[in-house]
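Biologist: I am new to this protein and would like to be taken through it step by step. Could we look at it together?

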Amino acid sequence: MTYPAHTAYSQAILWLGCVGWVLTTVALGLVQWRVWRVTDTEFVTSGVAWVGLWRACFNSHRVVSPEFRIMYCRSIRLTDGYATPEMAAGQVFMLLSLLVGLCGNVGGVYTMRNAYFGITEDPPIRLGFIFTGFLCLLASGMSLVPLLWNLSAVVNNVTINFPPEFKLPSAPESQHVGCGIWVGIVGSVLMVVSGVIFCMYGLPVRSVGRLARPGGVDNPAFESHEDI
């Protein structure tokens, strides 16, 4: 069995990666990637609209989606002509990041289990930690690319030419980065940290319980008892 300190350390690394993956998953579902301020309040009565990877929404008293009480939403698909390149890349790469990150976390749990119970030898366990770290780094890279790309689009005030059924203007008065991007960046950074530590993580030395090797030196205490 590994030392308790090392066990807690490896569990902390694994939890760090899991929290990062969960935050990335939450960011994918959030609609607040871009926050638009609009002056035309004919439909957008609150003057604020939210644009995410999968849909655009705003509070309204004029038009309401059937599934909401005071909110109007329209879906954004990958094949829609008005979807900007950074939005299309986000839909693809964020989903791939979730899949790769899930595989990395599952691999981390399996490898740590083998290391804790000593099911396999040291080299395969070491390779398991490295592979887990690689998957975490790959997942974080896949999510950081669209996150930073969308962040740059908001900073540079890139607009989206929504069709008329979205009830949104061709360009907002102003826009700023929403919480969806920040949550995704925090999750990606946590996965980067977890992946780097997993790749650098060495298997702790076992304390006791190793079998005696053939040809070992006899214990003098037992020899003295045999001579009596």
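This is a predicted model: local features need pLDDT of at least 70, side-chain atom pairs count only at pLDDT 80 or more; totals for chains, interfaces and linings use all residues.

Biologist: Let us turn to the strands. How does β1 run relative to β2, parallel or antiparallel?

Modeller: Strand β1, residues 34-37, and strand β2, residues 48-51, are antiparallel and are joined by four bridges. Within this pairing, Val-35 faces Trp-50, and Trp-36 has Ala-49 as its bridge partner.

Biologist: Which strand pairs with β1 over four bridges in the antiparallel sense, besides the one you named?

Modeller: That is β5, which is antiparallel to β1 with four bridges. There, Arg-34 is partnered with Val-177 of β5.

Biologist: What about β2 and β3, how many residues lie between them?

Modeller: Three residues lie between β2 and β3, and the two strands form a hairpin. Their pairing is antiparallel and has three bridges, with β3 covering residues 55-59. One of the contacts is between Trp-50 and its bridge partner Cys-57 in β3.

Biologist: Are the faces of β2 covered or open, and which residues show it?

Modeller: Both faces are covered. Val-48 and Trp-50 point to one side, Ala-49 and Val-51 to the other, and all of them are buried.

Biologist: Now the aromatics. How many aromatic pairs does a search of the whole structure find?

Modeller: The search gives six aromatic pairs. In one of them, the ring centres of Tyr-82 and Phe-162 are 5.8 Å apart and the planes meet at 55°, so this pair is tilted.

Biologist: Where do Tyr-82 and Phe-162 lie in the chain?

Modeller: Tyr-82 is in the loop between β4 and α2, while Phe-162 is in the loop between α3 (122-155) and β5 (174-177), so the pair ties together parts that are 80 residues apart in sequence. Both residues are buried.

Biologist: What kind of pair do Tyr-82 and Phe-166 form?

Modeller: Tyr-82 and Phe-166 are edge-to-face, with 5.2 Å from centre to centre and 70° between the planes. This pair also links distant parts of the chain, 84 residues apart, with Phe-166 in the loop between α3 and β5. Phe-166 is buried, as is Tyr-82.

Biologist: Which residues form one aromatic cluster with these?

Modeller: The cluster consists of Trp-36, Tyr-82, Phe-162 and Phe-166. Pro-163 is also found in the loop between α3 and β5. Its C-alpha atom is 7.6 Å from that of Tyr-82, although Pro-163 and Tyr-82 are 81 residues apart in sequence. Pro-163 is buried, with a relative accessible area of 16%.

Biologist: What lies over the face of Phe-43?

Modeller: Lys-167 does, at 5.1 Å from the ring centre.

Biologist: On to charges. How many salt bridges does the count come to?

Modeller: The count is two salt bridges. In one, Glu-86 and Arg-34 have their closest N and O atoms 2.6 Å apart. Glu-86 belongs to helix α2 and Arg-34 to strand β1, so the pair ties together parts 52 residues apart in sequence. Glu-86 and Arg-34 are both buried.

Biologist: And how far apart are N and O for Arg-77 and Asp-80?

Modeller: In that salt bridge the N to O distance is 3.5 Å. Arg-77 is exposed, with a relative accessible area of 52%, whereas Asp-80 counts as buried at 13% relative accessibility.

Biologist: Last topic, the surface. Which residues form a nonpolar patch there?

Modeller: Leu-78, Val-92, Phe-93 and Leu-96 form the patch, with about 310 Å² of accessible area together. Leu-78 lies in the loop between β4 (71-75) and α2 (85-117) and is partly exposed at 43% relative accessibility.

Methods
Residues are numbered from 1 along each chain as its sequence is written. Side-chain values use heavy atoms; hydrogens and water are left out. Patches are made of residues with over 30% relative accessible area and no salt bridge: like charges are joined within 9 Å, nonpolar side chains (Val, Leu, Ile, Met, Phe, Trp, Tyr) within 5 Å. Accessible areas come from the Shrake-Rupley method with a 1.4 Å probe; for residues, only the protein chains shown count as cover. A salt bridge is a side-chain nitrogen of Lys or Arg within 4 Å of a carboxyl oxygen of Asp or Glu. Buried means under 20% relative accessible area, exposed over 50%, partly exposed in between (1.4 Å probe, protein chains only). Rings of Phe, Tyr and Trp (its six-membered ring) pair if their centres lie within 6.5 Å; planes under 30 degrees apart count as stacked, over 60 as edge-to-face and the rest as tilted. A charge sits over a ring if NZ of Lys or CZ of Arg is within 6 Å of the ring centre and within 35 degrees of the ring normal. Two strands pair if DSSP finds at least two bridges between them.
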